[in-house]
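Biologist: Could you take me through this model, starting from how it is labelled?

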Amino acid sequence: MSAPLAPIGRVFATEQRPSTPHQFLFWTARRTPVGIGAIVRVEAEGRTVFAVVTEGFAWSDLARPIDAVLAADGDPAGGLEPTNRAEMRAYVGAVLRQEPEDPLQPVPLGPVHLATDADVAHALRMDAYTSGDAATGLPVGLYAAGGVEAPVSLDADFLLGPEAAHLNITGVSGLATKTSAVTFLLSSIFQTFPTHKGTVAGLCFNVKGPDLCFLDQPGELQAEDRRIYERLGLTPSPFHPVRYYAPYKADGVNLNTLRTNEALAATTEPLVWGLREVLDYAEVLLNRDDIDAKADAFIDFLADRVVGKEFVDQSLRTAPFRVATFADLEEFFRALFDFVELMGKGGEVWRTHHVATIRKVRNRLGNISTRSKGLVTDDGEVNDLPWGAFADRGMYVVDVAGLDPLAQDLVFARIVSKLREHLERRDLGVDHVAVFVDELNKYAPADGPDTYVRRMLLDLSERGRYLGLVLFAAQQFRSQVHRRVVGNAGTAVYGRMDGDELAAPAYGTLSPATKAKLAALPKGELMIRHPHFTQPIFVRFPRPPVLQGRDGVERFPPAGEVPFPQAVARRLRALDPALAASMVVDLVADRMEDDVRRALHATERARPADTLPYFKACLGRTVPREVRGGRRTVPGVATRDDPYA
Amino acid sequence: MPSQELRRILAESGAPGAGARPAASHGRRDEAEIQEAHVVEGGRFEVYPVGPPEACPEAVAFLDGAQQHEVLTYTGAVPLVSATVAAAVRERHGRDLALAGAQRRHLVVGRAEALDGLPRIPVDVERVEISEDEPFHPIRDLDTAVAMIDRARRELEVRVGTAFRKRSNAWLIVDGSLAISPAWAADPRMLSVSKSHATLPFGGDELRRYLQLPGGHRSSVYQPDTSRLAPVYAWGLRLWPWQGRDLLFGLVRVEAAPTPETLVRVDELSRWLLAERAPISSADARWDRLLYGIHSVEQYLRAAHLDR
């Protein structure tokens, strides 16, 4: 199993520092390849122990500090001592695995070797899931220490369920670690997720800048990155297929995303929801104070009886209401208020709902389309994710970076809820979905109000693994995220950490040396906890195989915001690049913007073969302007005896 | 340690055990005396400053020996002593010391009747007999045994030093005296440093000046009375200022080959030894006189060959 390498250390134990079944000390030569995070193997008669180095010490034979001062005659710049002091280097090994595992005993005295490739696989229990017909290993990086390099894999059963699930990654911002690591891991999952475990897709919420806007474009890799990919058995290629969704800006035509370069427009779709899509998640947009039991009851009434149905109430009006849009809803409310005003005293209550409650609900719902303009439309046009038709290894990116925070919550809550519904019914199109959410401390804070989104995340983290709905979440400060959310993440990944964050009690199990290493972790290195690893392991990972956000913005500069006609032309050219912009501009000139918007959205939804004719048809015939003649007036009566005529 | 095996053998034979470990069991025995020496530098005793410490620019090695003994049993009233003697050289490479040679001997010392009482002697243990010509006294026998162990250690030191010299031309600094070996005494690239002042070279006012050498000063070079030993040149050197401490604090006796070159280089050699004060051997109570290189050899011997 192990190559016969020379020992690099020896275990020692004293009364003050005895070996235990989980920890031991070993000394090495002063010059040694061992460092924090290195995996070592202890060989003793009848027992082999694998461990990871978590702490280091050095002693000299200096009995009193003052002796060092005396020897240098008090001058730190004085001549060097002719002889170096005897020095001892000692390291703490935290046990990863013992053989035999039973009976579990203290680590014996014995020679210490650096781990080989095979040792690493064995020590991390990867041998149980990275080989054989039913292998479930997902490469996550390279363990590298002391000149030894070995691939490290996670177990799909413990990352995507059902045994355990979810991944949480934490680290300081600005080092491109969190997003890069998740993107790389998703790429690895898509390439290596075993077919016998079913199908998998990814859904990413882009919450800031252009981070995830170019997952379908190849990035620039260095030779070292390519070498790591090869060592891990992966191919560095961008995601395919990728579908982008972004809401409109307030004008309803320009997309609210940095991915607006014409070259990429064909794969970027608008995300537009109507009243029906929003009403079920009204609680997301209304705070707890707004939604008391009475308001809740009225919203339920609207959802069950009014919206999307034919509602008849002769006291309001004779014609039935058909509420499908916010505009229809407003019409319904106007009729209702006209009625109660007409009733005067005694008309404060309509169908057990007090008029004050009705007014409150109307105001709040009315605000939704204002606050989420671009995402929520008044006119009922909808363009949504392909529920029921998710593709295996397909990546879906929803860009909410430009949205109001509350609208972000709405998007987040609805999409995750829909994923859950479809996965429960097993009709999403795939068996597993990894949902990547950055800034988790914003959505599921440890402190703060008990929001719908936080409750939903808690539910997802606690029960999602049974459904195949897996949360890949990232944040800068893990300690500020709800404990149950991070606690339910079977796999935890750490990039470079902030010193203050590391001082939080949650990191109390890490040794000071491990913390020091985390505080200075270079780009491209991570510390990983995984259910199979009894101790955290450091790995290196390559740059993700996709264009990084900043590079993407340089290569594909976002198209500038243009006037309404040109914006419409740009959207249509995304469907048919051969289309002349000037034709579209001429076509929509003098047309009502709402009509144009409606026609555009209809065309985008239908994606017809002949874009322009279809758009024209949707736009309808131009109604010529009527030029009315001058008003006929009654001529004045002239009287001769008018003294002023 | 073979003592444990010897004790087991004795226990199996029904012999009574003994646990005494004499106070000086780790050291050697000196008798205080003044042996008038002959000043060979300048005709009369003087005190000289040697200048600032200066590290030896050439390769340097350090040699020392160590011993340990214990009373195993008494056959009737006759003591039986177990001992280990060891010697080692550590050579400086760059600024690091590394082992350059070491040897060890295990001894069992006693009168023939006591030694014969042992059912057997392990193969790596040497039998050393106290002569029957000496009148028996249990305490004197112990002293004799210790003297024999001292001698065995010195022989071992010489053996290890000679072996080192055969393969290296480095300066060799020995703990103790060069005079125990004619070869050492004649070696122009050996120095010895003695921490012990039981034997002093002068009397009267010269002794006072010798014992009151200021820090960083040396005495005139003198030639000790070595009628029983090999001739060497020697001088006193104060490694650390003694004022406010003991008269012997930081005082060492240095020995070198009795050659004109020694007289020429005595200050340079002294400066080298001053530089060897650092690092301070602070783990040892004799740190004021114990060069770190010698301390390092002692540490090695204690860790590798003795029972501490």
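Modeller: Residues are numbered from 1 along each chain as its sequence is written, while chains are lettered from A and ligands numbered from 1 in the order in which they are written. The model is predicted, so local features need pLDDT of at least 70 and side-chain atom pairs count only at pLDDT 80 or more, whereas totals for chains, interfaces and linings use all residues.

Biologist: Within what arc do the buried residues of α10(A) fall, seen down its axis?

Modeller: Helix α10(A), a DSSP run of H or I with at least four residues, covers residues 355-371. Its buried residues (20 or more other C-beta atoms within 10 Å of their own) are Thr357(A), Ile358(A), Val361(A), Leu365(A), Ile368(A) and Ser369(A). They line one face of the helix, because the directions from the axis to their C-beta atoms fall within an arc of 105°.

Biologist: Which residue in β2(A) is the bridge partner of Gly9(A)?

Modeller: Strands are DSSP runs of E with at least two residues, and two of them pair if DSSP finds at least two bridges between them. β1(A), residues 9-12, pairs with β2(A), residues 23-28, in the antiparallel sense over 4 bridges. In β2(A), the partner of Gly9(A) is Thr28(A).

Biologist: What share of the residues of chain B counts as buried?

Modeller: Chain B holds 7 helices and 14 strands, and its C-alpha atoms fill a box of roughly 65 × 45 × 35 Å along the principal axes. Of its 308 residues, the share that counts as buried is 42%.

Key:
Buried ≥ 20, exposed ≤ 12 C-beta atoms within 10 Å, placed from the backbone. Expected span 1.5 Å × (residues − 1).
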